[in-house]
Amino acid sequence: MRIHSILYTLVFVFSVSMLYSQQVTKSEKGNFLLKNGTLVTVTNGTFKSDLLLEDGKIAQIGENISAGNGVTVVDCSDKFVYPGFIDGGTQLGLQEIGAVSLTVDHNEIGDFIPHMEALTAVNPNGVAIPVTRVNGITSAIVKPTGGRFPGTAALINLHGYTPQQMFAGYKAVVMNYPSSGKRGRRDRRSEEDIKKDSEKARKELNESWKKVKLYSKIDAASKSSNQKKSGYNPSMDAMIDVVNGDKQIMIEVNKKADIEAAIKWVQENELNAVLTGVKEGYRVADQLAEAGIPVIVGPVMSIPSRQSDKYDIAYANPGLMAKAGVKVALRTDSYENVRNLPYEAGFAATYGMGTEEALKAITINTAEIFGIADQLGSLDIGKQANVFVSDGDPFETRTDIYHLFIGGYKVPLESRHTLLYDEFLNRDPGVEKK
Amino acid sequence: MKRIYFICSLLVGVCGSIFCQTDVPDVTATFALTNANVVVKPGTTLENATIIIKDGYIQQVGSNLSIPFDAEVIAADSMFVYAGFIAGLSHIGLEKEEEEKGQNNENVKRYDPPPAAAGITPDVSVGEKLNPKQKTVEGYRNVGFTLAHVVPKGRMMAGKGSLVFLGGDSPEEMLLLQDMSLYGSLLASRGRVYPSTTIGVMSKWREMYKQAELAAQHEKKFMANPAGTKRPTFDKTIKSLYDVTAKSIPVFFHTSKTLDLSRAMTLQQELGFDMVAANAKQAYKLADRLKQKNVPVVISLDLPKEAKDNKKKEDDKKENEMKDDKMKEDTETEALKARANKSKKEYESQAAQLEKNGIAFSFSVTETKAGDVKKNIMRMIKSGLSEDAALAALTTNPAKVLGLQQVAGTIEKGRFANLIVTDTTYFKEDANIRYVFVDGKKYELEKKEKKKKKEGDPDAIVDLAGTWSLIISADGMDIEGTINMEKSGDEYTGSMTTDMSDETEFDSVEVDGSNVTIKMTAEMNGGQAPIVVDLIVDEDEFEGSVNIANGMMTADVSGSKDPN
Amino acid sequence: MKNYIATICLVLMGLFSSAQTGDVLIKNGTVITITDGVKEDTDVLIRNGKIKQIGEGLSVGEDVKVIDANGMYVMPGIIDAHSHAGIDVVNEATAPVTAEVFVGDAINPYSVSIYRALAGGVTVSHAMHGSANAIGGQCETMKHHYGEEDPTTYQMKDAPRTIKFALGENPMRVHGEGNGIQPKTRMGIEQVFRKAFAEGREYQHAWKKYNSGNTDIAPEYNLRKQTLADILNGDIIIHCHSYRADEILMLMDVLEDYGVNQICFQHVNEGFKVAPELAEFGATASVFADWWAYKFEVYYSTAYNAAILTKNGVVTSINSDSGELIRHLYHEAGKTQKYGDLTDNEALRLITLNPAIQLGINDRVGSLEVGKDGDVAVFKNHPLSIYAVPQYTIVDGIVRFDINKDPADMRLDINPDETFPAFHELDAHDEHRCMEGVYEFLFHQH
């Protein structure tokens, strides 16, 4: 039986890798002049202008820019130019097929494993990556899942042949804050048991945090005194920058009471933190704003967490927090349908956040939270050339995207989904039997 | 350690009282209850009347009766006599059965299990399972029940119910009528075998009912003309439904959830069996359908926890501490609280609402401890149930539904001598039942003296260190044990051992003057149950209470420190 | 002896005829009829739960509720051809064939998910048995009368019976891998159908013989076989959970052999590959807008599925199969404009008339036409726009959702012992109930 399943797995992995190798049209490297488009800069308003992409950067914005040698002109009249969207939390490239565990690479064994690098396991040829790009998403956080400290997340651009080529300059240690909520429909624990479990988990967290702090103290002492500390301790090593506040910690937390506790915990330990999920953030929006801790919310299209909640509370949550002064970014928390990020933003916009703020929540806010706003998140000179061109509001499903640029590349808008469409729309032969 | 369910089963399951058996013979079966207020039936009371009982029957009721020479005379001056209560549904006298294992038996095919594995045992007769010594017989008798409709525990078709006197030395003596009902439900099988869901169970009811109808026809045809007729196959399960399909016995359908009631009504309407809605908790929601179909109701005496404003502030505080998501006293919280309290009230008002709708009901005690019967009836009365209707639900209504109106439910000549005698009207909070007569047999009850609780003294200084002997007493049974306490610094640690449980270490010991609270955790049927012991210590002695699993069990405890 | 199920149905129909209906006039909206174009500044009048008039400047007495839909869009109530909302049980996963069970027996009117669906403009949903078994249970076509406590008032009167079939991984996993019985492969699944239909036919014949007086003793009654016989009789529409092209072709072959032709393929992620065959058979398809890759059999998918099927002449709908998606099917339909450029009317048909056809209720619902049920959804902004917000949802002429009268807490059944309803962390399985009730089986294996 065992042998069989191993064989099956081998055969399967082989066949999957065959599928990966299916090629889409190659990206085109070059400099591009986007002529006469309406630029939605996010940071400096919306206006008609040309935009020059040179050496992978936004080089010029202005009217009547002339195309130099070797610059490809892209006519954008009647079109809109947007900065590429950034998804604040996904498993894109870390998972190929949900139900096939051997294609799932984001949940390593262990409760304290911050040294697990999501970037290592990103498959640059994951079939979902081109599928994602068609809606204007150019960057995404790839994030490990699982226990208390499941690993280190990374921001990637959705183009490249190696993880390092894709890496977009931001990493964060992920933590799942102890939850006092029910895990789901099948969680049969009593209220007291849940309470007890979460208290125990918080206690354990504080115990391990003591060790983390001690370790970083020893580490600092070892450096300053030039004495070598003993042993191989990669998980602790991964925490040092977090303790120092040099590296961001991404804390998944959703329930009101847990968010409150997490805020306190972050403040006590003086961490550079971003909260993720934050489903009941609207209940503590003022506290979040006061603490100055940013949040990454999503999926927006979620059912309410409590039976008594208002039907649209998950749609309204980002807007309510933004209104209270919290810096809000959005995420899909998906792997295969990260392409729906603009629609997530659209729902947030519709249910109180407004289009402008929702747009920020998938561009500049996200970049600012990650400390890379000099690179991504808006159409500003000097930023990376992550840009797309659409024929309308990208939150609308009827809007089409015509061109997409990542770094110095014009990336074709082809994916398995479009290829199958091309092949099967008018199948030949049809029903005729041979 | 920590086998707490032993304690529980002991508390419930054993007749620990030494008064149970005696070698001294009874000398007469004739009794005269004189000068009493006789509540003949709800709404009708005879003052200063006498009741003569002989050989298990009520011989006479009235004034100026001559007392038979062989009568034991009970001067019931100023007392009240009621017809003995009748439980519309109960598991009285049945052993606490071990929960069937949730796991699948290897040999059972999930898709085609034997009927018993699927919870389908209509052939089970509860009469064969009665144990006269079972603690519940005495327990429910002591709160006034004299007759009970006892049904087997089980699932989809648990088996046949019987009418049982709550007294007697053998099952035969207790049994009045056997197999007079089928106890059914929509509960799926435990072992994850077909039918494993409500929808599977509904289908199975339909199929088996139809099969039984056809099988009965077949059998009839065969008996009438056996030669050449296909021989009926013998299926004891299907056969045992003939009484149901012929409508000679009703189905008491377990419907404590309103939706189950509605679903059972759907089955009843399709199949046409005689149905009684059993263990209902919000039956008034289906009042129209129940009335239209003439379905009698046995409501559950189980109620939600009392609304907080009825409880002590102390509990309030505890609960608040426990709820970490106690949102600030905002409007949402207020609204949620109000809805929960309204819901509690709705459950409490079921009886009153049925009364208002003219739907007769009796009480089920399958989910209610004997000790809670009166308390919960009083809560229903507070919610609008009239005392007369409550009494009817305890006497005349169940008599009617169970076909006993000729012999029980009222105090009239010729009825069974099933009576209760109380020192004031039953519905006063502090009323005591002094005598219960079952089938002409007298049971005398001790008058409960309310224990005066000592006041704790927050300024007292006590020394707990050492070994303490203790006695936990509940429902007339005593469990002995010891507590070991050690002191280090200001903190106490320790453990408790009893006859019924292994050594259990304390989670915490809190001392506030002479008030001591000990908390520990016991394993209980695979889960964990908190045990809280509240003590007031007076030098080398203590008394107090034990609370197991958040009030699932409570017991008094007293103890003293061992010398040295 | 009469057909037993038929008798039951007659009894049920007689008993629960007290459907909830009302009157309402929706004024001055942009009326999207689906079957007769889009009409500006038009009124829709509903009387006794039925659409009585569609026109300009309609007036009524003061007793009739009037909704001012000026600047709003008025469309037929949305219909979800694949849902598990509002039922307590999804899978009776103990056997590969459980045709006899009926999820309509487990309607839960207290399920807040019904209200949440209403808040997304959905008036009718097809509450389905799960996909654990090759032949699962019968399904319920449900009207969203949220607020009523009697589950029978949710059953859509006169809607045809439907039944769930399932192909591929789910039945293979539950029974083959989980229980060591057939089917463990797609070969096995075919034979499960063939055996079941053969038994159903035999049963049909045995009862026919008995009913015509040719035998004296009734055959053994078997509700499962009876239901299979009903399928062969054409009394039940099949809705089959399916993904791969090969298995879809297989089932059409089996059905052809037994002369059964009413089938809607559900999910049918590879339907686009066999669209010509589906069209030729007359099979319909109910798909996700963009779900894919959650298991191997949906790895080879395309979000253009609905468009390819539609353009190949297959009557196609977009369903939710989820307590979340059901709340924005209008948005899901909108995705077919992204993936395949369907017109507004084509896209909206996917969530109105087409699912109605698949459920056999298109004479009652699915478009705004005089005489049809008063099931209407009123939107601020065009329903296919991301900025669409449902304002009113009307079922049989009764306003069941009104955005201006939406107290947060819409529970109907309050647990008296729980003040604060528990917080549930997101769990993808919670939203996707197709395999509900199955996890326990898989976890509790020997």
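Helices (H or I, at least four residues) and strands (E, at least two) are DSSP runs, numbered from the N terminus. Helix α8 of chain B, residues 287-293, is one such run, and Lys293(B) is found in it. The model is a predicted one, so local features need pLDDT of at least 70 and side-chain atom pairs count only at pLDDT 80 or more, while totals for chains, interfaces and linings use all residues. Residues are numbered from 1 along each chain as its sequence is written, chains are lettered from A and ligands numbered from 1 in the order in which they are written, and side-chain values use heavy atoms, with hydrogens and water left out.

Once neighbours within four places in sequence are set aside, Lys293(B) is in contact with Met265(B), Gln268(B) and Gln269(B), where contact means heavy atoms within 4.5 Å. Lys204(B) sits 89 residues apart from Lys293(B) along the chain, and their C-alpha atoms are separated by 23 Å.

Phe234(B) belongs to the loop between α4 (198-224) and α5 (236-239) of chain B. Its relative accessibility is 65%, so Phe234(B) counts as exposed. From Phe234(B) to Arg263(B) is 29 residues in sequence and 31 Å in space, C-alpha to C-alpha.

As for the chain as a whole, chain B comes to 14 helices and 24 strands. Of its 564 residues, 51% are buried. Contacts in chain B with a separation of 6 or more are 63% made up of residues 24 or more positions apart.

Chain A has 14 helices and 17 strands. Its radius of gyration is 23 Å, close to the 22 Å that the globule rule gives for 434 residues, so chain A is as compact as a globular protein of that length. The radius is taken over C-alpha atoms, and the rule is 2.2 Å times the number of residues to the power 0.38. Along the principal axes, the C-alpha trace of chain A spans about 60 × 60 × 60 Å. Buried residues account for 59% of the 434 in chain A. For contacts with a separation of 6 or more, residues 24 or more positions apart supply 68% in chain A.

On the charge side, chain A carries 49 positive and 52 negative charges, and their mean positions are 6 Å apart. Here Lys and Arg count as positive and Asp and Glu as negative, with His and the chain ends not counted. The place of a charge is taken as NZ of Lys, CZ of Arg, CG of Asp or CD of Glu.

Chain C meets both of the other chains. Against chain A, 66 residues of chain C are in contact with 70 residues of chain A. The area buried between these two chains is about 6,400 Å², with carbon and sulfur atoms giving 54%; buried area is the accessible area (1.4 Å probe) that two parts lose on being put together, summed over both. Trp292(C), Tyr299(C) and Phe423(C) supply 14% of what chain C buries against chain A, more than any other three residues.

Against chain B, 58 residues of chain C are in contact with 51 residues of chain B. About 4,700 Å² is buried between chain C and chain B, 59% of it from carbon and sulfur atoms. On the chain C side, Asp105(C), Pro416(C) and Phe420(C) lose the most area to chain B, together 16% of what that side buries.

The peptide bond between Tyr194(B) and Pro195(B) is cis, with omega about -5°, and Pro195(B) lies in the loop between β9 (175-184) and α4 of chain B. Another cis peptide bond runs from Gln182(C) to Pro183(C), with omega near 5°; Pro183(C) is in the loop between α3 (169-179) and α4 (186-211) of chain C.

How values were computed: Buried < 20%, exposed > 50% of the residue type's maximum accessible area, 1.4 Å probe, protein only.
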